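Please keep the structure in view while reading.

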Amino acid sequence: MDIPYWNKEIETADRATIEKIQLERLGKTLSCALRSPFYKRLLGEAGISSGDGIKSLGDLRRIPFTTKDDLRKSFPKGMMSVDMEQVVRIHSSSGTTGIPTVIYFSSQDVNNWTDLVARCIFSTGATSKDVFQNMMTYGLFTGGLGLHYGAEAVGMTIIPIGGGNTKRQIKVMKDFHTTVLHITPSYLLHIHSKLGDVGINRDELAIKKAFVGAEPHSENTRLKIQELLDIDAYNSYGLSELNGPGVAFECVYKKDMHVWEDAYIVEIIDPETGEVLEDGQEGEVVLTNLIRHATPILRYRTRDLAFLHPDKCECGRTHRRLSRILGRTDDMLIINGVNVFPSQIEEKIMQIPEVGTNYQIYVDKKGSLDRLTVKVEIYPKLFLGEASQLDALKNKIKEELRSSIVINAVIELHEPGALPVSEGKAQRVVDQRSKL
Amino acid sequence: MAKQLNIFVDNRAGRLKSISENLLKSDIDIRAFTIQDKGEYGLLKLLVNKPSEAYLALADLGCACALKDILAIYVPDQPGNFHKLTTALADHDINIIDAYGFVLQPHNKGVCCLEIENLAGTNAEDIVTSAGFSVLEDEELYKL
């Protein structure tokens with residue numbers, strides 16, 4: 001097979017070269033990070049006062065972990081390492097857990113990120129001849145713009161359509177002979193189920209590839225996508241804290257995702273002890289930025305569970321491959337690509353007086369899309385005996401969840417005592433999606 | 001004013017039984033009932049001989065229930081009378097939220113129980129009486 005490389009020298013560099021680059025860039029990143037109030041304190045406490053203090057990659061373990069909570073507490077400028085004047089872009093999480101997180105990009109940061117994404121796109125065999133329909137949300141979310149810039153660098157013809165509006169998506173695919181999609185796996189399956197409604201056959205579309213990401217999915221889902229649509233689906237991994245998409249991506253062999261190790265140091269740790277695990281062992285993914293200046297993040301605990309393949313890929317790239325995400329160390333749910341914590345739902349519903357003492361979050365599939373049902377017990381003392389009151393309560397809960405957590409939930413009301421009582425490992429969340 | 005008991009019941013096997021069992025324990029006699037299906041739950045509406053006792057019996061168990069004022073009206077069991085009643089209320093813009101009826105044997109008398117939107121804020125009782133119907137007082141209703 002003819003292997004497409006965006007930057008062959010880096011992508012196929014031997015281990016010693018990659019580690020040399022990592023060490024050099026880690027030192028620079030530390031010096032940069034030390035300019036932010038957060039890392040000045042954190043690294044100071046660990047006895048690191050300059051980037052020169054790092055003599056080997058083993059010294060990485062002297063650096064304390066950074067958590068999502070640290071990002072929240074540092075909002076808005078605690079992790080900023082440059083002057084605002086040098087910042088050309090901001091990406092921010094929607095703050096669904098209460099406090100938002102923010103990442104600043106310098107012009108060089110955007111260029112570096114773009115180059116990594118271009119590398120990802122190119123490694124799947126996509127080229128400037130492709131028409132790229134970017135169906136991820138644009139805006140503060142990194143998924144849309146991240147791939148957009150990378151695709152532009154590759155020279156693809158980009159259709160920056162963003163998410164939603166299924167019928168229009170399908171029509172646009174046909175009208176412009178789209179060949180490559182960027183989409184969540186659940187939405188892609190939904191698109192497939194709607195082709196008939198629009199009166200368009202698969203044969204009328206030119207699609208060949210899809211980059212799928214932003215939500216965990218099984219190998220079975222990928223196989224289903226490939227079979228139903230007769231395309232190649234490539235897994236994508238990234239998180240907004242570490243730039244967004246472009247952290248790891250599958251090559252033409254589709255045997256898990258190469259982590260660009262000249263741009264990130266990837267570690268797999270035991271989430272309980274923090275101990276670094278061997279390749280092949282499953283644990284929490286920890287990532288360190290090596291080429292970001294405005295908001296460098298060190299040893300970030302992603303809460304994603306995965307493992308690194310110990311063996312080399314047939315494509316000749318030396319950058320190790322990360323498995324698909326096997327789970328989470330926390331209870332975060334991903335509902336049609338949107339991150340949702342059960343605690344957020346709890347916080348919102350428990351503010352409503354007519355809601356009783358117990359609730360349950362139930363997740364399943366309706367067609368190919370995720371469906372989230374929030375079951376709540378009603379508070380008997382405020383029950384007036386009217387159906388209209390109950391309808392209004394349902395709408396109130398639904399609207400509250402829609403406006404604050406951006407999820408479209410089905411609301412069910414139940415009588416007091418009807419839902420399973422939480423004891424020990426609470427049965428507050430029931431996720432039935434495990435095997436599609 | 002007559003009262004009925006509105007009870008929130010999960011829509012699953014055994015829930016009605018648990019309610020009827022507790023009413024039986026309190027020696028409650030059921031005159032009429034209806035269930036409004038709302039998907040995962042239903043609204044059970046009961047006309048009983050001792051509404052307050054029935055309410056307490058269920059509320060003490062943590063049941064979500066409420067006593068609701070209703071208009072219970074004698075309607076002679078002949079064609080046209082129900083229409084006459086609904087016309088009288090409609091003419092005064094009074095909205096019926098829910099209703100059920102039953103016929104008393106052997107008197108050939110119908111009883112129509114109406115849940116009226118914002119009942120306390122209307123003069124529905126006067127309207128019905130003016131239209132020639134008689135409204136059952138609560139004690140009268142419970143003794144049927």
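Which residues in α1(B) and α2(B) meet? B:I19, B:N22 and B:L23 in α1(B) meet B:A54, B:A57 and B:L58 in α2(B), where two residues are in contact if their C-beta atoms, placed from the backbone, lie within 7 Å. By class, this contact of α1(B) with α2(B) holds 5 nonpolar residues, 1 polar and no charged; Ala, Val, Leu, Ile, Met, Phe, Trp, Tyr, Cys and Pro count as nonpolar, Asp, Glu, Lys and Arg as charged, and the others, Gly among them, as polar.

The model is a predicted one, in which local features need pLDDT of at least 70 and side-chain atom pairs count only at pLDDT 80 or more, while totals for chains, interfaces and linings use all residues. Residues are numbered from 1 along each chain as its sequence is written, and chains are lettered from A and ligands numbered from 1 in the order in which they are written.

**Helix packing**

Two packed helices are described by the angle between their axes and the distance between the axes. Axes are lines fitted to C-alpha atoms, for helices over the stretch in contact, with angles running from 0 to 180 degrees between N-to-C directions. Helices (H or I, at least four residues) and strands (E, at least two) are DSSP runs, numbered from the N terminus.

| Helix pair | Crossing angle | Axis distance |
|---|---|---|
| α8 (185-198) and α9 (219-229) of chain A | roughly 30 degrees | within 10 Å |
| α1 (15-25) and α2 (51-59) of chain B | about 125 degrees | 9 Å |

The angle makes α8(A) roughly parallel to α9(A), whereas α1(B) and α2(B) are oblique to each other; angles under 35 degrees count as roughly parallel, over 145 as roughly antiparallel, 65 to 115 as roughly perpendicular and the rest as oblique. The crossing of α8(A) and α9(A) is left-handed, while α1(B) passes α2(B) in a right-handed crossing. In the pair from chain A, A:P185, A:L188, A:L189 and A:H192 of α8(A) meet A:T221, A:I225, A:L228 and A:L229 of α9(A), and the residues of this contact divide into 6 nonpolar, 2 polar and no charged.

**Strand hairpin in chain B**

Strands β5 (residues 96-104) and β6 (residues 109-116) of chain B run antiparallel and are joined by 8 bridges, strands being paired if DSSP finds at least two bridges between them. B:D98 has B:E115 in β6(B) as its bridge partner. The two strands form a hairpin with 4 residues between them, and B:N108 in the turn has a positive phi of about 55 degrees.

**Backbone features in chain A**

The peptide bond from A:F75 to A:P76 is cis, with omega near 0 degrees, and A:P76 is found in the loop between α4 (68-73) and β1 (87-92). A:H177, in the loop between α7 (166-175) and β5 (180-183), has a positive phi near 55 degrees. A:H177 counts as partly exposed because 13 C-beta neighbours lie inside 10 Å; a residue is buried at 20 or more such neighbours, exposed at 12 or fewer, and partly exposed in between.

**Contact between the chains**

The contact takes 14 residues from chain A and 16 residues from chain B. On the side of chain A that touches chain B, α11 (387-405) and β19 (409-414) each supply at least two residues, and the largest share, 3 residues, comes from β19(A). The residues of this side divide into 9 nonpolar, 3 polar and 2 charged.

Key. Left-handed = near helix turned anticlockwise from the far one by under 90°.
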